[in-house]
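Here is a short report on one chain. Read it beside the sequence and the 3D view.

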Amino acid sequence: MKALLALEDGRTFACRSFTGPGEASGEVVFNTSMTGYQEILTDPSYYGQMVTMTYPLIGNYGVNSEDIESNRIQVPAFIVKEYQDYPSNFRSKGTLADYLIKGHVLGIEDLDTRALTRHIRKSGAMRAAISTSDLDPDSLVKKARQVPAMQGSDLVAFVTTKKPYFWKYNQPDYVNADSLSSNFVWRHRGKKFSVVALDFGIKYNIIRCLERAGCEVLTVPAKTSAKVIKGLQPDGIFLSNGPGDPEPVTYAVDTIKQLLGFAPIFGICLGMQLLGMAMGGKTLKIKFGHRGANQPVKNLATGKVEITAQNHGFAVDLNSLKDNASALTHINLNEDSLEGIHDEALKAFAVQYHPEASPGPHDAAYLFNQFAKVMTHAKA
Amino acid sequence: MPKRNDIKKILIIGAGPIIISQACEFDYSGTQACKALKEEGFEVILINSNPATIMTDPETADRIYIEPVTPDTLCKVIRAERPDAILPTLGGQTALNTAIEAAKTGIFEEYNVEMIGASIEAINKAEDRELFRNAMNKIGLRIPKSGFAHNFAEVEAVAQKIGFPLIVRPSFTLGGTGGGVAYNAEELNRVAKSGLDASLISQIQLEESVLGWKEYELEVMRDHADNVVIICSIENVDAMGVHTGDSITVAPIQTLSDKEYQVLRDASIAIIREIGVDTGGSNVQFAVNPENGDIIVVEMNPRVSRSSALASKATGFPIAKIAAKLAVGYTLDEIPNDITGETMACFEPSIDYCVVKIPRWTFEKFPEAQDVLTTAMKSVGETMAIGRTFKEAFQKGLRSLEIGRAGFGADGKDHLPDSLAGNDLEYKLSTPNSQRLFYIKYALKHNMPITMLHELTHIDPWFLHQMRQIVELENQIKLAGKNLPKNLLEKAKKYGFSDQQLAHLTKLTEKQVEQERKDLGIVPVYKLVDTCAAEFRAVTPYYYSTYESECEARVSDRKKVIILGGGPNRIGQGIEFDYCCVHASFALKEEGVESIMVNSNPETVSTDYDTSDKLYFEPLTHEDVLHIVEKEKPFGVIVQFGGQTPLNLATGLHKAGVPIIGTSPESIDRAEDRDLFQAMMDKLGLLQPENGIAHSYDEALAVARDIGYPVMVRPSFVLGGRAMKIVYDENDLEEFFDLAVQASPDKPVLIDKFLEEAFELDVDAISDGETTVIGGMMEHIEEAGIHSGDSACVLPPYSIAPQHIDEMADAAKAIAKELNVKGLMNIQFGIMNDKVYVIEVNPRASRTIPFVSKAIGVPLAKLATKVMLGKTLKELGFTTQVIPAYYCVKEAVMPFDRFENVDPVLGPEMKSTGEVMGIDKDLGAAVAKAQFAAGQKLPESGTVFISVQDKDKMAALPVAKDFYDMGFTIMATRGTAAFFEENQVPATPVKKVSAGRPHVVDAVKNKEIQLILNTGATSQTQRDGYEIRRAAIKYKIPYATTTDGTRAILSAIKALKKERLSVKPIQEYHKQNV
C-alpha cells in the first residue's frame, strides 16, 4: 500500500506500507545496528521516535517472545528499505509485519533509507509524519511540523511503570504501590543486593543483567520519592535509561539529589544525564544522536576500548562538569564526548552507553559486576 | 601504545604462486602491509616467487627477493638481511608453514629475529587439531567430535563416542573414494569397510556430522592492548559440507537475531584470546545447527585470509593494512579510519547494503573431473557484488561471473527441464555442484516448494525465498512482455535484472530496453561504501550502483580515464591482468589524470580503494560499464589491460560512442579476424602456419589433407586454448572436430598446421605508433603445442640463432606499425626448419607483461598507459630493448592435485592457475629456482624413473646418461630399460602398472623413486602413464611430462650439484641493466 513520509523541513519520501493503512508521527532517527530490530522496537528509549534501520533488509529472522525490552512496541512507526516477509530462524514465532500490526504500529518500506539517513546526519534528527491516506506532501509536511518537539517534553511520564515490580520468570512480577512502605518487601534480603531501579523507561535486559550480577531488582515508578526509596533501605539505586530530553524531568533530578551518598548509584543513558544534572551538570541535544551497536568507548582507567550499544539524542555537557569532583571514566573515541562519570565519594557512577546491549556487543557487561562490587564495599 | 622503535627492518613472506585456495588476495594483503610499513619508516624486505604481483614491484618494498618461498630460501634471506622481525601472517598458509619450518632450524634464535603478528605457539594452537580442540574446550566451546580407526573394534568404539550420524573419511586415498555418511550401525559397517579398503594406510577418520548445519564466519582483529573488534560477519549460503571458498557467501549475516549473533561474537573474541594471536586479524568459522542454534567451531585461521580480503572489500575496512600496523605496536584506537578520516579504526563497521560473493569454477577445463563440491576447494576465483538488496547483489554477482550468464537465468541460456523429474534435478540439487544455483532456479520455475528445496539443498529457506522472488518477478515480466509497465521495470532493476535479461523476457532488443528505461528516467545511482552506514561523512570514493533516489557519486571536472579490470580470476585470466590495470592506475596518477577503476573481483589490488582515485565495484558488462561512463564522462576508457573481459566489451562500447584509448578496436579486430590477419601477414611478407576454416567434418578433412598432418584443431571465439587439440591423423580428427564444435556451437572450426617440434617464443612489445621497443623475448622450454600460459619460458632466449631474433624483432615492429599499436602487443612466434612463423598477434597486455617487467626492470604497463595518454616512448625515455645479463625463468603452476581423475599432461589448452619466477646468472640455477618455487622438490641423488615412447627414446638416452653420471640410479619400464642397457646406461627394470605387481606405482608409494620423467602421453599410452603421473602428484614427487621439460630439470639438477642456490634482491639484478 502506497505511503508517504514527510519531514518537517519539507523533504518527502514516497514509500509503501507493509502493515496496511495507518498514519504516524514523531521524530525520525536512524539506527546503524545490523541486527536486533525487535529489541529496538520495544526499547522505551525510542518512545515517540520513528526509527529507520540503516541495514536495508529487515524482518529476516522474524520475531519471538524472548527478544523484548518492554511489554510493548514503543516506536510509532518503523522505516526499512526492504521488508522481509519470509523469516527464517529456529526461534522465530511470526513475521515482523504481523507483530507490528498487532501493536498498531506502522511499518513502511521501499524508500531510500540511506538518503534519509544522510539527510538526518546533515540536518539533524527531525519531526516527521507518515501516512497511507494523506499522500499530499504539503499537507503531510504540515502535520510533521505539528508534532511536539522532543526538546522540553517529559517523555518519561509516558513510559515509566505505573506499579512497582520485581523480576520473576523473565518478566515483571507486579506488587502494590503501598508495599513500598517498608523494607519487608524484599524477598531475598541479605542473599542478594537489594536494588531499587528508578524506571525512566527501563529496558528489561538491564534488569536481567542486574539480576545476573546478584541483585534483586525492585523497579519503581519514576516519581517515587526519595523518602520512599530510603525507606526501602536498598543496597544500591539504579537510574535507568529512558526517552527524550532530561531537562524537563526535574522531579527525578530532585530525587537523585536527595539520594546522592545514601547508597551506591549506577546510571545508564538517561540515568547518567539525570545523575549529571543532580551533580550540577548540564545536558544538551546532540545533532543526530548515537544509535547503533558499534560505538567505540575508551575506558580511561584501563585504556581499553569497548564496542558499545548506544541510543541517545541528549548528552551531559562535558564542560559543565569540569569543576566537579566527579571523575571522567569513559570517552567516545570518535568525538571525545562524555561516556562515563564516577564520583568516588558519593559512590555513584554512570555511563551514557548501554552495557546491557540488547541489541549490541557485550563488551561493557563488566559494569554490572562493578556495581555489585561497589555495593559490597559500601556494605562492609 | 605507539609504534615500536626497537625494530627497524621487517621481513615479510609472500604467498608464492596463485594456486586454488591461495589467489591474489594475498597480493592485496601483502601489498597493503608493505605500503603501510614503509609509510611508518620501516625497512621492508620481501620474499615472494610470484612475479605477477604488485608486492614484488621494486617500489613496494626496499629489497625484494623473487625467490622460492621455502624454508631454505627464508633462512638464506635472513642470513643476508639480518631483519629484526619477520611477519608471516600476510602470505597465506604458505607463509605460515614456511615460517614454522624455518623456525624449527633455530634460525630465528640464531639471528635474533622476532616473529610478529602471531607466535609459533599461537599458530600451532590454531593449526594442530588436538591443541585446538583442547583450547576450545577450555573456553567452553567445542569442535566436531572425531577419532581415527584402523579396524572394526576401533570403529565401534569411536562411533560410540561420537554418535550418529557420522562421516567416514578414509585417510590417504587416491581419488577420495570410499567415504560416506552413516546414519546407523548397519550403514556404518558398510561405509567403514569400504573406507578401510580404500585407504592406502587402512585408516579412516570418523567425524560427527554437521552436514546441513549453517556456516558462519567472523573476521576478528586484536591489538597489543587486547582490544578486539569484529570487522565483518559472513553467512555461507551453502551449508556445511561445501568449502567456504566454494560457497556462495553473504555479508553481513542474514538469518541470525542479535542474540545469536552476539554469541558468535563473544565466542570469536574468546577464541582469538585463547589461541593467543597477539595482533592482527583472524578468521573464525562456526557451524550452527538450524534446528536449535547449537554451535560448533569449525576452524580458526590466525592470519589474514581470502575471507579477510573479502571482508575488507565488503566493508571498506583494510584488514591487512591495519594488521601490519598493529604488528609494529600500534593499537586500534591510534589508527585512523581512512574512509571517514575522522573516526578511528577501533570500531566495528556497519554496512547498509548486502554483499554477495560467488565462486568461479573452471570444471570445463577438466572434463574428467567430477563437478561436485566438497570440503576441498575447487574454485579458481570469485566475484563480489554489492546491492541494496540480496536479490540485486545476487544477480549482479551472477552476471559478473564471466560464465555467459546475464543474471539468475532468464537470459535464454536456461536449460529448463520439462518437469521436476527431469535432468537429474533432485541429484543436482542435493549434491553441491558448480551449476546448482541454476538447478534451484529450474526447481522454482516448476514451483517446487521451499521446504522441499531446503530439504534437498540444505540452503536456508530465507535465501531460497529470495531466489523465488526473483523467479516470480521473471514470470511477471515475461507475462507483461513488450508492454512492461514502469513500476514493473523499476522493480526489475531493483531486483538486479540486467537489460539483457529484460530483453530476453520481453522479446525486445537490449538497446530497446535501455532506451525505454532511460526514457522513463530509470537509471542507477551510486552509493558509497563507507564502513559506517552513512553515520559519518566518507572521504574515500568507493561506489556501487543501485536503483534508488539519491546518487552520491562525486564527479569531478578533472581529466579522467576509466580502467576496466578483468573480473573474477579463472584459468587463462588471472592476476597478471590485474597487475596491468593497477599499473595503469599508478601511471594515470603520475600524469595527473584522475583514475577510475571498474572491477568485480574482491581478491585484487585493483579493487583496493587506495589504488585508484575512484573505485566502482561493479560487474564488467556493457550495461554496467556504460552507466559509469555516462556518469563520469571520461576522457578515455582503457580496455587493453584487463584481459579478455574488457576486450569483449570494446566493440560495443566503441559503437556506443565511448572513447577507447590506445590501440583502436579496429586494429584489435584486424589481429583477431582471420581474413584480415591473413591479408596483413601477406602485406608485410610474414609467414604464418598454413591454415583453413571448416564448417563441417568433410571440410575439416579436406583442409587437413591439404595442409598435411599434424594439425591443430580449435574452436573459434574461445579463450585460453579451450578444446584445442593436436591431431596427428585422420583417426582422431572426427572426435576432436566434434569437441571443437561442442565448445563453440555454430562457429567455424579453425585448423592450423601444427609446427611439430618447433621452437616457440612469446614476444612482448610496446609501441606508440612510431617507435616500437621489444619488452622481452621469451623462449618456451616446452616445444610448440603446449599452451604458452602453461609452458615454462626463459628470458632472454637461450638457444635461438641471432638472425631469428632479429627477424622476430623486425616482424614485431612491422606489425606494430601496421596496426598502429598504441600500448602493448604480444606476438607468438614459431621457428621450424629455420623459418620464423607468426602464430598469433594480440595487440593488448599479455599474461607475461608482469614477468617481463620484473625481468628487465621496466614497468611496461605504466609506460603503455602514458603512451595511450599521448606521450611518445622517446619522451618517456624508453627507446632501446633491455636484455638482461641474467636468466629469468617463468614456470607455470598446475592445479592437478585438486582434481581427481585428471591426467596431468600439458597440451594446447591452458590449465595452470599461476606462475613463478626464478632468476639467476646461470640458466640451470634459474630453472632450479623456478622448479622449487613451483613446489617441485628436485632431488640431488636417488632414483630417476624414465618412461618414454619409442619415438622419444633416442632423445631420452643422453638425459638418462647424464643422470647416471651424476650418480642417480635409473629405473625404467622393461623396454626402455633394455634400450638404455644396450646403450651402456645401466637401468633397473620395473613393471608397468598393467603388467602386475610390484609395479612402478608401488615403487612410488615405497619412496623408491625421487624423480619421474614421463613423456609422450598420447591416447595410446594413456592408462599406464596416467597411473604414474597421478602417483607423482599424490606423493608429491617432481615430474616432467615433456622431453624439453626433462632436459630443463636435468640442467637444474646439474646446477644444484655444482653449487648452492644463492639469493639476490630484484633491485640488485636491475642495477646490472643500467
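## Contacts and overall form

In chain B, 70% of the contacts with a separation of 6 or more join residues 24 or more positions apart. Two residues are in contact if their C-beta atoms, placed from the backbone, lie within 7 Å. This is a predicted model: local features need pLDDT of at least 70, side-chain atom pairs count only at pLDDT 80 or more, and totals for chains, interfaces and linings use all residues. Residues are numbered from 1 along each chain as its sequence is written, while chains are lettered from A and ligands numbered from 1 in the order in which they are written.

The C-alpha trace of chain B spans about 80 × 75 × 70 Å along its principal axes.

Chain B holds 37 helices and 38 strands. These are DSSP runs, numbered from the N terminus: helices are H or I with at least four residues, strands E with at least two.

## An enclosed helix

Of the 1074 residues in chain B, 59% are buried. A buried residue has 20 or more other C-beta atoms within 10 Å of its own, with C-beta atoms placed from the backbone.

Helix 31 (residues 923–933) of chain B has 10 of its 11 residues buried, so it is largely enclosed by the rest of the structure. Among the buried ones are B:Val927 and B:Phe932. They pack against strand 32 (887–893), strand 33 (914–920) and helix 36 (1043–1058) of chain B. B:Gly935 follows helix 31 of chain B, with a positive phi near 95°.

## A five-stranded sheet

Five strands of chain B form an open sheet in the order 36-35-34-37-38, with parallel pairing. Its edge strands are strand 36 (988–990) and strand 38 (1039–1040) of chain B, each pairing on one side only. Strands pair if DSSP finds at least two bridges between them.

Two bridges join strand 37 (residues 1011–1014) of chain B to strand 38 of chain B. B:Ile1012 stands opposite B:Tyr1039 in strand 38 of chain B. Helix 33 (residues 974–982) of chain B packs on the sheet, touching strand 34 (943–947), strand 35 (969–973) and strand 36 of chain B.

Key:
A residue is buried if 20 or more other C-beta atoms lie within 10 Å of its own, exposed if 12 or fewer, and partly exposed in between; C-beta atoms are placed from the backbone. Axes are lines fitted to C-alpha atoms, for helices over the stretch in contact, and angles run from 0 to 180 degrees between N-to-C directions.
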